[in-house]
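Sequence and structure come before the text.

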Amino acid sequence: MVAVTSSPNIGKSIDRLEAREKVTGRVEYVHHLRLPGMLYGKIFRSTVPHARIKSVDISAAQALEGVYQVVTIDDIRKVIPHPYYGPAFHDQPILADGKVRFAGEPVAVVLATDKRIAEEAVGLITAEYEDLPGVFDEVDAMTSETLVHDVLKPAATFPDLQHLKGRSGTNVALDYHLLHGDPDAGFAASDHIFEHTFRTQQVMHTPMEPFVSVADAQEGRVTLHTASQGPSFVRIEIARLLGLPENRVRVVVPHLGGGFGGKLYIKLEALVTALSMVAQRPVKISLTMEEQFYMVTRHPCTFKIKSGVTKEGKILARHCEIVWNGGAYADIGPRVTQKAGFTSAGPYDIENVSIDSYAVYTNRPPCGALRGFGAPQTAWAYECHTDMIADALGFDKIEFRRQNLLREGRPQASGTLMRDAALDQVLDHIVDRMNWSVPLNKGTGRIRRGRGIAIGFKGITAPTTSVAIVNMYGDGSCGLYIGTVDMGQGSDTVMAQIAAEVLNIDAASIRVIHPDTDVTPYDMGTLGSRSTFHMGTAVRLAAEEAKAKIAALAVELGMPEGSNVPLAELFRRKYGMQAGNIIGTGSFIPAYEKPDTKTGQSTKATPFWGVGAAGAEVEIDTETGHIKVTKLVNVADVGTAINPKMVQQQLSGAGIMQLGFTLTENMVFRDGQLTNGSLADYKIPNLLDMPREFINEYVESRQKDGPFGAKGAGESTTIALSPAIGNAVADAIGIHLTDLPITPESIFRALQEANGTPLAGD
Amino acid sequence: MASFELVEPTNLEDAFALLDDDDPAVRPFGGGTALMLMMKAQLFKPVRLVSLRRLGQRFDGITLSQDASSFRIGAMTTFSQLEHSPEIGAYLPIITQTMKTLANVRVRNVATVGGNLAHGDPHLDLPPVWMTLGAEALIVNKSGKRLVPIADLYAGYYETTLAQGDLIAELHVPVRPAWRSFYAKVTTRAEHDWPALGIAVSVQAEGRYVKDVSIVLSAAVDKPTRLVAAEDLLRGATIDEQVLRRAGEAAVAEVHIETDNRGSAAYKKHLLSVHLGRAIQTVMGE
């Protein structure tokens with residue numbers, strides 16, 4: 001653990017600013033909001049995964065008493081002529097337009113003054129479809145003649161995706177390539193070659209607060225109240241759809257009950273805006289927990305990894321081929337494909353690397369960002385692969401990693417140098433907390449025990465910008481205006497700590513103004529572990545500017561240098577009364593170089609490195625395959641922990657989430673239909689699934705260019721957890737499982753297969 | 001959810017009158033925990049719901065007969081009342097044991113014994129337990145009453161033999177000092193989940209010798225089902241590993257198990273054979 005600094009604000013576990021409001025039930029959420037005259041929308045969804053819409057009969061729904069209007073794409077087109085949206089591709093229609101591309105896609109919306117009436121009316125809508133063949137598996141989609149989209153429509157929103165061109169005749173939305181060194185020569189010079197294929201399943205964010213948005217469209221302007229992680233992006237995209245300047249679109253975001261990457265970019269916002277324009281009334285849509293499965297999910301992927309290793313244990317060459325199942329609409333999938341692609345060879349110093357990473361469309365619910373941005377899926381492959389190589393060649397699993405780990409100043413596969421990535425320290429800490437030097441009693445009877453470790457890293461989405469405003473009021477109190485969304489991670493508190501440290505005031509006295517695009521400045525979004533680093537730096541710069549202006553005011557008023565006259569007194573002397581403001585602004589965009597589109601090479605591919613390692617001990621009942629994780633250790637490099645308690649909560653929260661994605665969570669599809677779309681059947685872990693020993697810690701480190709040495713911490717413990725468990729299972733039963741989730745049945749099947757008595761298919 | 005009528009009659013005559021309707025959307029309810037989920041999912045759209053909570057008398061309370069030979073449990077008894085009853089804990093410990101992993105505190109505070117029996121969901125934990133205990137339900141309707149063994153309440157998947165106008169009023173559970181019982185809730189995903197299999201066993205044993213036995217399987221089948229062939233194999237046998245294995249094989253052979261999201265048929269059959277043996281071992285005091 002990092003020693004507590006002498007600073008009054010940094011490294012202090014101060015309570016969340018909103019703690020009292022939250023525990024007394026007074027915190028503001030969009031779910032509470034009711035506007036005068038507001039209508040409730042309820043979505044009628046497709047029951048088939050891929051079809052032409054022959055007809056939609058809304059007459060019975062329209063006739064139900066209390067129904068204001070039933071809206072289809074034809075109504076929306078009258079107010080938004082090109083009703084297609086999306087962050088990476090403008091491929092998603094606000095409501096299904098002639099075709100449906102996944103079962104659960106919104107086809108029509110009932111608007112009513114009472115949400116129960118809207119719900120009842122939805123049950124009266126019928127649709128006739130002409131079924132089309134569907135494509136559901138990502139590998140099939142690479143070559144399938146079934147096309148999800150006839151023409152691809154890149155959005156050219158992000159600097160790193162501007163090379164994308166509209167194509168047709170393919171399901172591949174984006175192909176990303178990296179070439180580092182000479183892989184062919186590397187493989188030729190290797191003593192051993194290993195190739196394995198890994199798969200991960202489709203999972204969902206499951207925020208406690210389901211998606212909810214309210215739009216109030218008036219002549220020439222629109223106000224949105226929405227549970228969004230990216231209010232600035234929402235404003236830009238809604239302004240584009242409506243052909244309005246940004247200043248005619250206002251996006252207001254209170255607290256969120258979790259987001260995890262789901263509530264990014266445009267989700268319900270385009271739909272409620274269109275509905276409000278059609279109805280000329282405010283419109284609210286609140287999804288149910290169950291409907292969230294059809295909004296956005298995490299990419300399943302198939303990852304083929306091949307390594308060349310010398311007999312001494314040096315990895316000489318690696319090839320990674322990853323196919324990401326993006327579902328029916330691209331969302332941010334192409335960026336996941338690229339960002340997770342470039343670190344997919346793992347945190348190892350390999351001279352010859354080639355990576356091919358593909359985002360493909362399928363007829364499944366769309367996939368986007370989810371806590372880790374693809375890094376957990378890639379680490380599942382490369383870290384299980386690491387143990388499989390070590391097992392095959394009889395290497396010590398820790399030493400094999402140490403021998404190949406990337407070190408300070410060495411180029412990662414993209415060519416970007418490793419800086420401030422505490423890989424060694426994190427690995428050492430895991431080894432220590434796992435008591436690795438003491439042999440584990442693995443058992444000889446029906447209960448077998450095993451342990452495993454894994455280490456991973458991720459690049460951070462780049463380039464992105466944050467802007468902050470510090471406003472000192474007439475009495476000397478401080479308002480902090482930021483677009484960062486506090487969705488439970490504690491950003492309000494951390495940002496206040498950073499501003500307080502510069503201004504030398506009490507963090508708890510600062511008022512953090514929540515995102516309101518009429519008031520708060522631009523921020524790319526609360527995503528990808530970027531807020532503490534990016535917004536934190538912008539806040540630091542804004543506070544420094546305010547501090548300089550306060551000093552200048554003191555000089556202007558003839559105060560001696562270094563005088564400690566309070567700001568309120570300075571204002572009084574300047575304005576003759578309690579009045580005035582001092583405003584400091586800060587804007588931050590880290591250095592970035594767009595990777596070469598053919599080789600992926602860039603001297604500045606990421607602003608910093610996210611680093612996490614995990615260790616697990618498991619107990620397996622070999623008669624049933626039942627698995628119990630008995631010990632779980634997560635260790636991350638977070639740079640300086642600005643608020644140690646909240647960092648630890650971030651680490652454990654991310655760990656628990658990934659534990660679910662490893663063992664219990666799985667969206668099961670049959671012929672493109674989700675068969676377990678409720679929390680009764682889609683199992684997130686609960687207290688009983690927690691390991692007896694659950695350790696979450698960070699190492700002493702410093703991100704030199706981060707605010708007070710800090711970097712992001714929200715995703716680090718998602719990366720290495722699955723392979724740590726996978727490797728522990730292998731240690732217990734001698735079999736490496738390659739597909740997630742690891743279930744009792746998958747373990748039992750593997751055991752039976754190995755015994756030569758495979759279990760029947762069903 | 002559309003609006004509907006909710007009534008709380010205070011006597012049986014009124015209840016029967018309110019329920020005297022052929023419309024399946026007119027329904028009685030106990031705690032409503034299952035019904036509310038079906039209503040929210042729009043699987044059930046009630047016209048009138050008749051709450052039984054104010055009926056009192058025989059619908060309420062847990063009473064042990066004077067000779068301690070049987071329990072009378074009112075149908076509106078909540079799971080929490082069962083869970084915290086010292087008499088139940090002393091004479092029917094399998095009930096207390098089952099409550100530990102049944103739903104959650106909020107549901108147990110509201111869900112009722114009668115509503116649970118009438119729901120017909122094969123994944124429920126209590127029906128197989130009542131069956132293995134040899135319990136009977138007292139059913140009343142406007143023309144009379146009848147005692148029905150729990151097994152005879154179920155016709156199939158979410159299907160009961162209760163007619164419109166029938167109300168479960170009481171549960172009669174024999175106390176059998178010579179018997180020991182155990183319920184194995186087998187989950188295959190998260191620890192806390194609907195069971196992939198529920199196995200309720202009761203055994204009357206002398207040492208390793210089984211004088212009599214009752215085994216009920218739920219969750220993996222469309223209704224709670226007595227495993228008669230496995231019982232026949234165990235009855236009169238002295239328990240050892242071989243007997244248990246044969247009983248497991250007999251159990252697998254006598255039921256039809258379908259694949260679902262909790263496991264493939266082949267895997268659940270395997271689990272049945274393993275967990276049946278373990279459940280028997282547990283009641284035999286292993």
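Helices and strands here are DSSP runs, at least four residues (H or I) for a helix and at least two (E) for a strand, numbered from the N terminus. With elements named in this way, Q280(A) is placed in the loop between α8 (269–279) and β14 (283–286) of chain A. The model is a predicted one.

## The interface of chains A and B

How many residues of chain B are in contact with chain A? On the side of chain B there are 24 residues, and they are in contact with 28 residues of chain A. The two chains bury about 2200 Å² between them, and 49% of that area is on carbon and sulfur atoms. Of the area that chain B buries against chain A, 26% is supplied by E191(B), N261(B) and Y267(B), more than by any other three residues.

Between chain B and chain A the count of salt bridges is five. One salt bridge has the side chain of R278(B) meeting that of D621(A), at 2.8 Å from N to O. Sorted by class, the side of chain B that touches chain A holds nine nonpolar, ten polar and five charged residues.

## A sheet of three strands

In chain A, three strands make up an open sheet in the order β6-β2-β8, with antiparallel pairing. The edge strands, each pairing on one side only, are β6 (99–100) and β8 (126–131) of chain A. Strand β2 (residues 51–57) of chain A is joined to β6(A) by two bridges, and these strands run antiparallel. The bridge partner of A51(A) in β6(A) is V100(A). In general, strands of a sheet pair through backbone hydrogen bonds, either parallel or antiparallel.

## Helix α12 and the residue after it

Helix α12 of chain A covers residues 423–433, and its buried residues are L423(A), V426(A), L427(A), H429(A), I430(A) and V431(A). Which elements do the buried residues of α12(A) pack against? They pack against α11 (397–404) and against the strands β20 (447–459), β25 (609–621), β26 (627–637) and β29 (693–698) of chain A.

N435(A) follows α12(A) and lies in the loop between α12 and β20 of chain A. Phi of N435(A) is near 50°, a positive value in a residue other than glycine. N435(A) counts as partly exposed because its relative accessibility is 45%, which falls between the limits of 20% and 50%.

D331(A) is found in the loop between β17 (315–325) and α9 (333–342) of chain A. Is D331(A) buried or exposed? Its relative accessibility is 6%, so D331(A) counts as buried, the limit being under 20%. Leaving aside residues up to four places away in sequence, D331(A) touches P87(A), A88(A), Y265(A), K267(A), V296(A), C367(A), G368(A) and A369(A). With K267(A) there is a polar contact between side chains, at 2.8 Å.

S168(A) is in the loop between α5 (138–143) and β9 (172–180) of chain A. S168(A) is exposed because its relative accessible area is 52%, and the limit for exposed is over 50%. Beyond residues up to four places away in sequence, S168(A) touches D150(A) and V151(A). The C-alpha atom of S168(A) is separated by 53 Å from that of D15(A), and the two residues are 153 residues apart along the chain.

At a relative accessibility of 57%, Q280(A) counts as exposed.

| Residues joined | Peptide bond | Omega |
|---|---|---|
| A462(A) and P463(A) | cis | about -5° |
| L740(A) and P741(A) | cis | near -5° |

P463(A) is found in the loop between β20 and β21 (466–472) of chain A. P741(A) has its place in the loop between α18 (721–733) and α19 (744–754) of chain A.

How values were computed. Residues numbered from 1 in each chain as written. Chains lettered and ligands numbered in written order. Predicted model: local features only at pLDDT ≥ 70, side-chain atom pairs only at ≥ 80, totals over all residues. Heavy atoms only, no water. Pairing = 2+ DSSP bridges. Contact = heavy atoms within 4.5 Å. Buried area = accessible area lost by both parts, 1.4 Å probe. Salt bridge = Lys/Arg side-chain N within 4 Å of Asp/Glu carboxyl O. Nonpolar A, V, L, I, M, F, W, Y, C, P; charged D, E, K, R; others polar. Buried < 20%, exposed > 50% of the residue type's maximum accessible area, 1.4 Å probe, protein only. Polar contact = N/O pair within 3.5 Å; in protein donor to acceptor, adjacent residues only side chain to side chain.
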